[in-house]
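This briefing describes selected packing features of the structure shown below.

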Amino acid sequence: MNYKLDDILNFGKYKGRTIKEIIQKDINYIVWCLIQIDNFHLSDDSAIEFINNKEKILLNHSRLKNHRAMSILIGFEEGDFQTERNKNIAEIINKIGRKK
C-alpha cells in the first residue's frame, strides 16, 4: 500500500495515527515499516515529508546500515529524492515543449 500523509495506520503501536504524525513523532517506526513490511510504501508526499525529517533517523540503527534501498531513499547514496524528482519533471517539461 502507498501511504499518503493523511492515511491512518491500522496496525502496530501507532494504530489510529496519520503517517504525517508518525513521521514527525517517531520516524524510526516508519523506517522499520519500510524495511520489515513487504507492502508498505510511501506516496510521493509522504516520501518528501520523510526526507524533510531524515535528520531524526537513528543512522546507527543496524537495519538501516544494511538496507541500501533505505539509504538511497533518504539521499545518502546516489542522489536525493527531490533532486531526482526535479530532474524527471524537467525532462517532462522539455518533452512537452519540444512537441509544440
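In this predicted model, helix H1 meets helix H2 through Ile-19, Lys-20, Ile-23, Gln-24, Ile-27, Ile-30, Val-31 and Leu-34 on the H1 side. The H2 side of the contact is formed by Ser-46, Glu-49 and Phe-50.

**Helix pair**
- The residues of this contact comprise 7 nonpolar, 2 polar and 2 charged.
- The axes of H1 (residues 19–36) and H2 (residues 44–52) lie 10 Å apart, at an angle of about 95°.
- Because angles of 65 to 115 degrees count as roughly perpendicular, H1 and H2 are roughly perpendicular to each other.
- Beyond its neighbours within four places in sequence, Ile-23 is in contact with Ser-46, Glu-49 and Phe-50, and also with Leu-5, Ile-30 and Asn-53.

**Nonpolar core**
- The largest nonpolar core holds 19 residues, of which Leu-9, Ile-19, Ile-23, Ile-30, Phe-40, Leu-42 and Phe-50 touch the most other members.
- H1 and H2 each contribute at least two residues to this core.
- H1 provides the largest share of the core, 10 residues.
- In soluble globular proteins, nonpolar side chains tend to be buried together.

- Asp-26 is located in H1.
- The relative accessible area of Asp-26 is 17%, so this residue is buried, the limit being under 20%.
- The side chains of Asp-26 and Tyr-14 are joined by a polar contact of 2.9 Å.
- Apart from neighbours within four places in sequence, Asp-26 is in contact with Lys-13 and Tyr-14.

Terms used:
Residues numbered from 1 in each chain as written. Predicted model: local features only at pLDDT ≥ 70, side-chain atom pairs only at ≥ 80, totals over all residues. Heavy atoms only, no water. Helix = DSSP H or I, 4+ residues; strand = E, 2+ residues; numbered from the N terminus. Buried < 20%, exposed > 50% of the residue type's maximum accessible area, 1.4 Å probe, protein only. Polar contact = N/O pair within 3.5 Å; in protein donor to acceptor, adjacent residues only side chain to side chain. Contact = heavy atoms within 4.5 Å. Axes fitted to C-alpha atoms, helices over the stretch in contact; angles between N-to-C directions. Parallel < 35°, antiparallel > 145°, perpendicular 65-115°, else oblique. Nonpolar A, V, L, I, M, F, W, Y, C, P; charged D, E, K, R; others polar. Core = buried A, V, L, I, M, F, W, Y, C linked by side-chain atoms within 4.5 Å.
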